[in-house]
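Thanks for coming, everyone. Please put the structure up, and then I will walk you through it.

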Amino acid sequence: MGKTIRFGVSLDSDLLEKFDSLCREKSYQTRSEAIRDLIRNTLVQREWEQAEGEVAGTLSMVYDHHQSGLAQKLTEIQHEDHEVILSSLHCHLDPHNCLEVLVLRGEASIIKHLGQKLISTKGVKHGQLNLTTTGKDLF
């Protein structure tokens, strides 16, 4: 980790007031902590957009497990890219609906493709892929 550098930021008073309100709402102890998180989030977003290199993430899906063959189809798709799936969690939400969450790590293009393939499978009611960084390049 590099040494800490102090720098000044000029803001309109109305913008600073809104930022301070956000800091309180999010329980930041200092403006510096909030600014560091904003910078990190921007860098992670840039990493996602470039869609290159190793990323981590989660894929959440809700589906009706009574739909014929759907659970088997989802399992088959997952086995095609098993090397990027670190863990999976299956929860029964009610007598019909299941929530499945996959923890993923690997090449961004593979993870995005896997996510799209699973989410677009007929019978999946909702799916969301959330990517993040592996943290290697963040300070």
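I will go through a helix and its cover, then the charged pairs, then a few single residues.

One thing before we start. This is a predicted model.

Let's begin with helix 3. It runs over residues 70-80. Which of its residues are buried? They are Leu-70, Leu-74, Ile-77 and Gln-78. Now look down the axis. These residues cover an arc of only 100 degrees, which puts them on the same side of helix 3.

What covers them? The cover includes four strands: strand 1 (54-64), strand 2 (85-92), strand 3 (97-107) and strand 4 (124-132). Helix 4 (108-119) is also among the covering elements.

Thr-121 sits in the loop between helix 4 and strand 4. Is Thr-121 buried or exposed? At 11% relative accessibility, Thr-121 counts as buried, because the cut-off is 20%. Thr-121 touches Leu-70, Lys-73, Leu-74 and Ile-77, leaving out residues up to four places away in sequence. Recall that Leu-70, Leu-74 and Ile-77 are among the buried residues of helix 3.

Asp-64 is buried, with a relative accessible area of 19%. Asp-64 and His-96 are 32 residues apart in sequence. In space, their C-alpha atoms are 5.3 Å apart.

Next, the charges. Side chains of opposite charge can pair when their charged atoms come close. How many salt bridges does a search of the whole structure find? It finds four.

First example: Arg-31 and Asp-20. Their side chains meet in a salt bridge, 2.7 Å from N to O. Arg-31 lies in helix 2 (residues 31-50) and Asp-20 in helix 1, so this pair ties together parts that are 11 residues apart in sequence. Arg-31 is partly exposed, at 42% relative accessibility. Asp-20 is buried, at 18%.

Glu-54 is in strand 1 and Arg-105 is in strand 3, so the pair ties together parts that are 51 residues apart in sequence. Glu-54 is partly exposed, at 31% relative accessibility. Arg-105 is partly exposed too, with a relative accessible area of 35%.

Glu-80 belongs to helix 3 and Lys-117 to helix 4, so parts that are 37 residues apart in sequence are tied together. Glu-80 counts as partly exposed, at 45% relative accessibility. Lys-117 is partly exposed, with a relative accessible area of 32%.

Now step along the chain to Asp-81. Asp-81 lies in the loop between helix 3 and strand 2. Which side chain of opposite charge is nearest to Asp-81? That is Lys-117, at 6.1 Å. Asp-81 has no salt bridge, yet it is buried. What does Asp-81 touch? Ile-110 and Leu-114, not counting residues up to four places away in sequence.

Helix 4 also holds Ala-108. Ala-108 is buried, at 1% relative accessibility. Ala-108 and Ile-85 are 23 residues apart in sequence, and their C-alpha atoms are 13 Å apart in space.

Phe-7, Val-9, Leu-11 and Leu-15 make a nonpolar surface patch of about 410 Å². Val-9 sits in the segment before helix 1 (13-25).

My last stop is a backbone angle. Most residues other than glycine have a negative phi. Now turn to Ser-27, in the loop between helix 1 and helix 2. Its phi is near 65 degrees, a positive value in a residue other than glycine. Is Ser-27 buried or exposed? Ser-27 is exposed, with a relative accessible area of 53%.

That is the tour. Over to you for questions.

Definitions and conventions:
Residues are numbered from 1 along each chain as its sequence is written. This is a predicted model: local features need pLDDT of at least 70, side-chain atom pairs count only at pLDDT 80 or more; totals for chains, interfaces and linings use all residues. Side-chain values use heavy atoms; hydrogens and water are left out. Buried means under 20% relative accessible area, exposed over 50%, partly exposed in between (1.4 Å probe, protein chains only). Helices (H or I, at least four residues) and strands (E, at least two) are DSSP runs, numbered from the N terminus. The arc is that of the directions from the helix axis to the C-beta atoms. Contact means heavy atoms within 4.5 Å. Lys and Arg count as positive and Asp and Glu as negative; His and the chain ends are not counted. Patches are made of residues with over 30% relative accessible area and no salt bridge: like charges are joined within 9 Å, nonpolar side chains (Val, Leu, Ile, Met, Phe, Trp, Tyr) within 5 Å. Accessible areas come from the Shrake-Rupley method with a 1.4 Å probe; for residues, only the protein chains shown count as cover.
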